[in-house]
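Colleague: I would like to learn how to read a fold step by step, with the general idea before the particular case. Could we go through this one together?

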Amino acid sequence: LHGKYDQDNIFAKMLRGEMPCVKVFEDDVALAFMDIFPQTTGHTLVIPKDVKARNFLELKPKKIGPYMERVQTVAKAVEKALEPDGLRILQFNGAPAGQTVYHLHFHILPIMEGQTGRP
Ligand code: 5GP
């Protein structure tokens, strides 16, 4: 679950502007963008800025409040834009749990008609 934060992970590159992404929200605390392999229509990721947290366990407690506010802001924006029937919010810690990118991120998965949002 723990290890050294790799500054060259793909989300860190997005934050530095070295890797393109389709941004849907950005401020001083967080960036949200469309997932490149969407599991449901509108699959969005929200990542914190200025942290070296590989996962949620490594996020400094004082950073949790501001970051989770942005997760909710983006979830509400997705709700307004897509009017899904449901919304799943997911977060994975460690490869055995399904994590593949090692910069903390929350998944926002709109559940549209006929979709389950489950793998
Ligand atoms: P994890 O499995 O680590 O929780 O989720 C990583 C997510 O990042 C996956 O849903 C994957 O599709 C997404 N992802 C991986 N590489 C890229 C990329 O280069 N661009 C974007 N927009 N998403 C990516």
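This is a predicted model: local features need pLDDT of at least 70, side-chain atom pairs count only at pLDDT 80 or more; totals for chains, interfaces and linings use all residues.

Colleague: In what order do the strands of the open sheet stand?

Modeller: The general idea is that strands of a sheet pair through backbone hydrogen bonds, either parallel or antiparallel. Here the pairing is antiparallel, and 5 strands form an open sheet in the order β1-β2-β3-β5-β4. Because β1 (23–26) and β4 (86–90) stand at the edges with a single partner strand each, one side of each is left without a neighbour in the sheet. From one strand to the next, the twist averages 20°.

Colleague: How many bridges join β3 to β5, and which residue in β5 is the bridge partner of T44?

Modeller: Strand β3, residues 44–48, is joined to strand β5, residues 106–111, by 3 bridges, and the two run antiparallel. The bridge partner of T44 is I108.

Colleague: Is I108 buried or exposed, and which residues does I108 touch?

Modeller: I108, which lies in strand β5, is buried, because 27 other C-beta atoms are found within 10 Å, where 20 or more is the cut-off for that label. Leaving aside residues up to four places away in sequence, I108 touches T44, V46, V74, A75, V78, L87 and I89. The C-alpha atoms of I108 and A75 are separated by 6.5 Å, although the two residues are 33 residues apart along the chain.

Colleague: Which strands does helix α2 touch where it packs on the sheet?

Modeller: Helix α2, residues 61–82, packs on the sheet and touches β1, β2 (30–34), β3, β4 and β5, with its direction making about 160° with that of β3. The 22 residues of α2 reach 32 Å from the first C-alpha to the last, which is close to the 32 Å expected at 1.5 Å a residue.

Colleague: Which residues in α2 are buried?

Modeller: An α-helix has 3.6 residues a turn, so residues three or four places apart point the same way. In α2, the buried residues are Y67, R70, V71, V74 and V78, and the buried residues of this helix pack against β1, β2, β3 and β5. R70 touches V29, A30 and V46, not counting residues up to four places away in sequence, and the C-alpha atoms of R70 and F25 are 8.8 Å apart in space, while the residues are 45 apart in sequence.

Colleague: Finally, which residues surround the ligand?

Modeller: The ligand is surrounded by I10, C21, F33, M34, D35, I36, F37, F92, G98, Q99, T100 and V101. The residues of this shell divide into 8 nonpolar, 3 polar and 1 charged.

Definitions and conventions: Residues are numbered from 1 along each chain as its sequence is written. Two strands pair if DSSP finds at least two bridges between them. Helices (H or I, at least four residues) and strands (E, at least two) are DSSP runs, numbered from the N terminus. Axes are lines fitted to C-alpha atoms, for helices over the stretch in contact, and angles run from 0 to 180 degrees between N-to-C directions. Two residues are in contact if their C-beta atoms, placed from the backbone, lie within 7 Å. The expected span of a helix is 1.5 Å times one less than its number of residues. A residue is buried if 20 or more other C-beta atoms lie within 10 Å of its own, exposed if 12 or fewer, and partly exposed in between; C-beta atoms are placed from the backbone. A residue is near a molecule or strand if its C-beta atom, placed from the backbone, lies within 6 Å of it. Ala, Val, Leu, Ile, Met, Phe, Trp, Tyr, Cys and Pro count as nonpolar, Asp, Glu, Lys and Arg as charged, and the others, Gly among them, as polar.
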